[in-house]
Amino acid sequence: MTRPGLPKLIATDLDGTLVRSDDTVSAYTHGVLDRVRAAGIPVVGATGRGPRLTELTRNDIRAADFLVMAGGGRVVDQSDPTGPVVLRDERLPAEVLARLLADLEAEVGPLTVMVEASDEHDAPLWGDYHENWPYQDHFEARTRDECLACDVIKAFARTADHHVDELLAVARRIVPPQVATLTQAGLGFIEICPPGVDKATGLTVVAQTLGVDPADVLVFGDMPNDLPMFEWAGWSRVAVANAHPTLRAVADEVTLRNDDDGVAVYLDRLLSR
């Protein structure tokens, strides 16, 4: 249930939630987020994007005081006047990922696998080519052994024989949560993150830094990788109208679609009441 008054912290997912289908964020949305900050409410961008996309993320949510990236594995404080401060940086060991993939392939057959290993600006993903990956300009074909030569920020996997939600269910049955966190963000691939890494644990770092109780946090999202922060936040959990059914089912409220600036419309009304 939405609580009275105003939240003390606002966190929003980006792709599919704040960012429109044409990969833009409207001037209206930027303006509303500026009003949120002017009201003294810190803003957090909570995204599955890895640190290699930090500059793009900063441009999409310019009002953000903090960034929770890589699904919670990288947390950055942007409010420090001396410059951004990394508060969290988690990696998945290569040997753990190798065992996990072998176990999963024994169950479902060959996987298309990509890994995110570098946090350098605009660095590509490495791995198996797949025509359905939407960001081919940020991809570099590499062998599985090359992909597993170092610890990774996260990995992506898919199979032609399973819908992504079905593959996620199988993977969660096989892989214990203490080994890796498994989710999906609407890209047709399951995402494999370090254990204990999700948007809720990333936001916990922010909340503890600010001294904010989760009960005072408002969150927005659209996909299953937003579920942990929906379970964690208590002021209100708002899904956009285009959200995955599993997220809509646990949302307190539903706002307009991302293409209709649903997050900004909700916040505009909140600030104006």
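**Entry 1: the largest pocket.** First a reminder to myself that this is a predicted model. I looked up the largest pocket and got a volume of about 760 Å³. I counted 31 residues in its lining, with Asp15, Gly16, Arg49, Tyr135 and Leu187 nearest the centre. Both α2 (54-60) and β9 (154-158) give at least two residues to that lining. Sorting the lining by type, I got eleven charged, ten polar and ten nonpolar residues.

**Entry 2: the second largest pocket.** This one holds about 270 Å³. It is lined by 18 residues, and Arg172, Thr181, Leu182, Thr183 and Pro228 sit closest to its centre. I found β10 (181-184), β11 (190-193) and α7 (227-232) each giving two or more lining residues. The largest share is three residues, from β10. By type, I noted nine nonpolar, five charged and four polar.

**Entry 3: helix α3.** Which residues of α3 are buried? My list reads Ala94, Val96, Leu97, Leu100, Leu101, Leu104 and Val108. They are on the same side of α3, because they cover an arc of only 150° around the axis. Arg99 and Ala106, on the other side, are exposed. Among the elements covering the buried residues of α3, I wrote down β6 (112-116), α5 (164-174) and β11.

Notes: Residues are numbered from 1 along each chain as its sequence is written. This is a predicted model: local features need pLDDT of at least 70, side-chain atom pairs count only at pLDDT 80 or more; totals for chains, interfaces and linings use all residues. Side-chain values use heavy atoms; hydrogens and water are left out. On a 1 Å grid over the protein atoms alone, a cavity is a set of points where a 1.4 Å probe fits but cannot get out, and a pocket is an open set with protein on both sides within 12 Å along at least five of seven lines; lining residues have an atom within 4 Å of a point. Grid points are joined across faces, edges and corners, and a volume is the space filled by probe spheres set on the points. Helices (H or I, at least four residues) and strands (E, at least two) are DSSP runs, numbered from the N terminus. Ala, Val, Leu, Ile, Met, Phe, Trp, Tyr, Cys and Pro count as nonpolar, Asp, Glu, Lys and Arg as charged, and the others, Gly among them, as polar. Buried means under 20% relative accessible area, exposed over 50%, partly exposed in between (1.4 Å probe, protein chains only). The arc is that of the directions from the helix axis to the C-beta atoms. Contact means heavy atoms within 4.5 Å.
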